[in-house]
Amino acid sequence: MFVFGDSYADTGNVRKALGNSWKEPYGTTFPGKPAGRFSDGRVLTDYIANFLGLKSPIAYIWTKFGGKITKLQYGMNFAYGGSGVFDTLGNVLPNMTTQIDFLEKLTNVSVCTALDLHSSVVLVSLAGNDYAAFLANGGTNQGLQSFIPIVINQLSLNLKRLQKMGATKVIVTALEPLGCLPRITQSSSFQQCNATQNLAVNFHNFLLRQAVAKLNNETNSSTFFILDLYNSFTTVLEQKGDSQGNLKFETPLKPCCMGVSGKYSCGSVDEKGVKMYTVCSDPKSAFFWDSSHPTEAGWKAVYTILKSSLGRLFQF
């Protein structure tokens with residue numbers, strides 16, 4: 001399994017200086033300490049790998065420390081939290097094109113081959129950092145309407161390139177309901193989602209469906225498959241739990257871990273090292289871990305909904 005994208009898929013690529021994912025209380029549920037996942041535990045990559053009967057693929061960053069990796073047993077994860085199809089934080093984080101370049105470099109030195117890619121699943125996660133960066137840099141909701149097709153176009157080019165490199169099964173995430181993320185619902189005391197943001201998300205997902213259908217059509221294949229994070233997130237948030245009733249989220253829009261005030265976030269400490277965040281008593285009772293990311297339990301609930309469509313894709 002080969003993974004590209006952002007914090008919904010990253011299992012440890014972001015440098016410690018850049019990500020709260022390496023600070024406490026991240027990783028408290030799994031593996032028991034901060035380990036680079038943007039959650040209290042497992043993330044989407046872990047659940048999909050598990051579905052395929054694989055261990056989670058190694059984070060690309062370990063090739064930098066571990067000398068030469070001669071054989072990729074479970075594939076590799078190139079996803080970097082905070083990244084997008086374009087540069088989001090200046091050029092500090094590798095965008096998706098650069099992430100695919102990393103894979104290309106590995107194929108050039110024969111660590112992995114087109115055949116490896118041919119017999120693997122590729123996961124591409126795009127959770128909206130391009131849009132957050134666009135709005136943070138002075139973009140407007142009106143401007144977003146013309147930026148969305150540009151993002152989808154770049155994503156299409158990336159998908160096409162992966163196919164040219166040998167990929168035959170590519171899972172690409174639909175955008176989750178951005179208007180329901182705690183960083184947005186905070187203004188309503190975590191009571192309601194922002195409909196304007198979700199309209200933009202629906203436009204993104206509509207264009208994504210068109211782009212994927214076109215790519216599959218052009219190559220007369222069913223290489224590309226959309227994993228519907230919008231529907232699965234929305235269903236869990238509305239049901240306040242998973243479909244089996246095993247997981248319950250009483251206040252689903254409220255995160256488990258949050259900064260004590262607007263200038264702090266989950267994992268923040270002050271100059272004396274004092275924690276400037278609070279954590280709920282049981283992360284399993286929360287859907288969201290922090291202002292943007294689900295808990296392990298949240299991802300598990302989403303995965304239980306996605307399982308049947310994954311089953312159809314792989315005919316298990």
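This is a predicted model: local features need pLDDT of at least 70, side-chain atom pairs count only at pLDDT 80 or more; totals for chains, interfaces and linings use all residues.

Me: Fine. How much space lies in the largest pocket?
Reply: About 960 Å³. The lining has 39 residues, and the closest to the pocket's centre are Asn129, Arg183, Ser291, Ser292 and His293.

Me: Which elements give two or more residues to that lining?
Reply: Those are α5 (129-136), α7 (182-185) and β7 (257-259). The largest share comes from α5, with four residues.

Me: And how do the lining residues divide by class?
Reply: For the largest pocket you get 19 nonpolar, 17 polar and three charged.

Me: OK, what about the second largest pocket, how much space is in there?
Reply: About 220 Å³. Its lining has 14 residues, and Phe190, Gln191, Leu237, Pro252 and Leu253 are the closest to its centre. By class, that lining has six nonpolar, four polar and four charged residues.

Me: Switching topic. Where's the kink in α6?
Reply: At phenylalanine 147, shortly before proline 149, and the kink is about 35°.

Me: What's the end-to-end reach of α6, then?
Reply: Helix α6 covers residues 141-164, so to speak 24 residues, and reaches 35 Å from its first C-alpha to its last. That is close to the 34 Å expected at 1.5 Å a residue. Just after α6, glycine 166 takes a positive phi of about 125°.

Me: Which other residue has a positive phi, glycine aside?
Reply: Serine 189 is one, with phi near 55°. Serine 189 sits in the loop between α7 and α8. For context, most residues other than glycine have a negative phi.

Me: Now the sheet. What's the strand order?
Reply: The order is β2-β3-β1-β4-β5-β6, in an open sheet of six strands with parallel pairing. At the edges stand β2 (58-59) and β6 (224-227); each has a single partner strand, so one side of each is left without a neighbour in the sheet.

Me: How many bridges join β1 to β3?
Reply: Two bridges, between β1 (residues 2-4) and β3 (residues 76-77), and the strands run parallel. Valine 3, for instance, has asparagine 77 in β3 as its bridge partner.

Me: Cysteines next. How many disulfides does the count come to?
Reply: Three, taking cysteine sulfur atoms within 2.5 Å as a disulfide. One of them joins cysteine 180 to cysteine 193, with S to S at 2.2 Å.

Me: Is that one right-handed or left-handed?
Reply: Right-handed, because the torsion about the S-S bond of cysteine 180 and cysteine 193 is about 115°. Cysteine 180 is in the loop between β5 (169-173) and α7, while cysteine 193 is in the loop between α7 and α8 (195-218), so the pair ties together parts that are 13 residues apart in sequence.

Me: Last thing, the backbone. Is the peptide bond from glutamate 24 to proline 25 cis or trans?
Reply: Cis, with omega near 5°. Proline 25 lies in the loop between β1 and α1 (44-51).

Me: And from phenylalanine 30 to proline 31, cis or trans?
Reply: That bond is cis too, with omega near 0°. Proline 31 has its place in the loop between β1 and α1. As a rule, most peptide bonds are trans.

Notes. Residues are numbered from 1 along each chain as its sequence is written. Side-chain values use heavy atoms; hydrogens and water are left out. On a 1 Å grid over the protein atoms alone, a cavity is a set of points where a 1.4 Å probe fits but cannot get out, and a pocket is an open set with protein on both sides within 12 Å along at least five of seven lines; lining residues have an atom within 4 Å of a point. Grid points are joined across faces, edges and corners, and a volume is the space filled by probe spheres set on the points. Ala, Val, Leu, Ile, Met, Phe, Trp, Tyr, Cys and Pro count as nonpolar, Asp, Glu, Lys and Arg as charged, and the others, Gly among them, as polar. The expected span of a helix is 1.5 Å times one less than its number of residues. The bend at a residue is the angle between axes fitted to the seven residues ending there and the seven starting there. Two strands pair if DSSP finds at least two bridges between them.
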